[in-house]
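Me: I am new to this structure and would like to learn how its features are read, one at a time. Could we go through it together, please?

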Amino acid sequence: MGNFSKQVAIITGAASGLGLVIAHKLLNEGVHAGLLDINESMLRDEFAEYKDHSEIVGLDVTNEDEVRNAVYKVIDRFGKVDILVNCVGITGMTNLRSHEVSSENLQLVFNVNFMSCFYTSKMVLPYMLANNYGRILHISSIAGKEGNAGMLAYSASKAAIIGMTKVQGKEYAESGITVNALAPAVIQTPLVDAMPEIQVKYMTDKIPMKRCGTLEEVANMAAFIVSKESSFTTGFTFDLSGGRATY
Ligand SMILES: NC(=O)c1ccc[n+]([C@@H]2O[C@H](COP(=O)([O-])OP(=O)(O)OC[C@H]3O[C@@H](n4cnc5c(N)ncnc54)[C@H](O)[C@@H]3O)[C@@H](O)[C@H]2O)c1
């Protein structure tokens, strides 16, 4: 597993949490990377040692033009894109029942979580098609498979990602491109730190292994999914839930 040299990856949400560890893992294994996040200064701090191998782009992934320009920048610098990993995500407001949910907040969560995956994959797919090779990984969530009470916007946006993954997997199945998703349960990151304790307890109590997943476990599984060796699985949502989902 894991010879990524001469490959080019784009990773969104690379300044923190899952995106940060996945970006470090792939850079350590030899990729050249486009690192995208709204928090550009954090990207510059975290990846200072990889200047020769990375193109840092500050952007808002909900803006299609900014996503297009970011992909152009990476292609200009490195000439192609082999791998896309979409890690940007927000929970939006949680611990609310559906009748209490703000439509504006639900729309925002869909824009950040789902539309960003659509915009980025729409932009990179033509380049992958031209090379007859690609690996796309959308980070979904166990909430998208199971539906977490109190998290309508988040759960529905993550289910939409799973739906898009199935569609894209089938559409590009004969082109050397795989499109998969990953559905982690709770992983300790700033996203989880920002949630109400009661909502986090609701999620961790459901994990048969009775612990959070680690960032290392996320990085290892993500690296396998986007490797050349993972070549006969597409349209699939990989599980990373300590036994919470067995499908
Ligand atoms: N942490 C968990 O337990 C967990 C579990 C399942 C799924 N996930 C998913 O994993 C992904 C990463 O989560 P995390 O815990 O690492 O979160 P995080 O908050 O640590 O990182 C998210 C990153 O996205 C960036 N971002 C947010 N909005 C943006 C925007 N509009 N444009 C550009 N960048 C933006 C943030 O600046 C941040 O760097 C998310 O999609 C999340 O839903 C996380």
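Me: How many bridges join strand E6 to E7, and in which sense do the two run?
Reply: Two strands pair if DSSP finds at least two bridges between them, and helices (H or I, at least four residues) and strands (E, at least two) are DSSP runs, numbered from the N terminus. Here strand E6 (residues 177–184) is joined to E7 by four bridges, and the two run parallel; within this pairing, alanine 181 has threonine 237 in E7 as its bridge partner. Please keep in mind that this is a predicted model, in which local features need pLDDT of at least 70, side-chain atom pairs count only at pLDDT 80 or more, and totals for chains, interfaces and linings use all residues. Residues are numbered from 1 along each chain as its sequence is written.

Me: In what order do the strands form the sheet?
Reply: The open sheet is formed by seven strands in the order E3-E2-E1-E4-E5-E6-E7, with parallel pairing. Its edge strands are E3 and strand E7 (237–240), each of which pairs on one side only.

Me: What is the pairing of strand E2 with strand E3?
Reply: Strand E2 (residues 32–37) pairs with strand E3 (residues 54–58) in the parallel sense over five bridges, and alanine 33 stands opposite serine 54 in E3. From E2 the chain crosses through helix H2 (residues 40–46) to E3 in a right-handed β-α-β crossover, meaning that, with the strands pointing away from the viewer, the path from the first strand over the helix to the second runs clockwise.

Me: At what angle do helix H3 and helix H4 pack, and how far apart are their axes?
Reply: Two packed helices are described by the angle between their axes and the distance between the axes. The axes are lines fitted to C-alpha atoms, for helices over the stretch in contact, and angles run from 0 to 180 degrees between N-to-C directions. Helix H3 (residues 64–78) and helix H4 (residues 103–131) pack at an angle of about 35 degrees, with their axes 9 Å apart.

Me: Which helices each supply at least two residues of the shell around the ligand?
Reply: These are helix H1 (17–28) and helix H7 (190–193).
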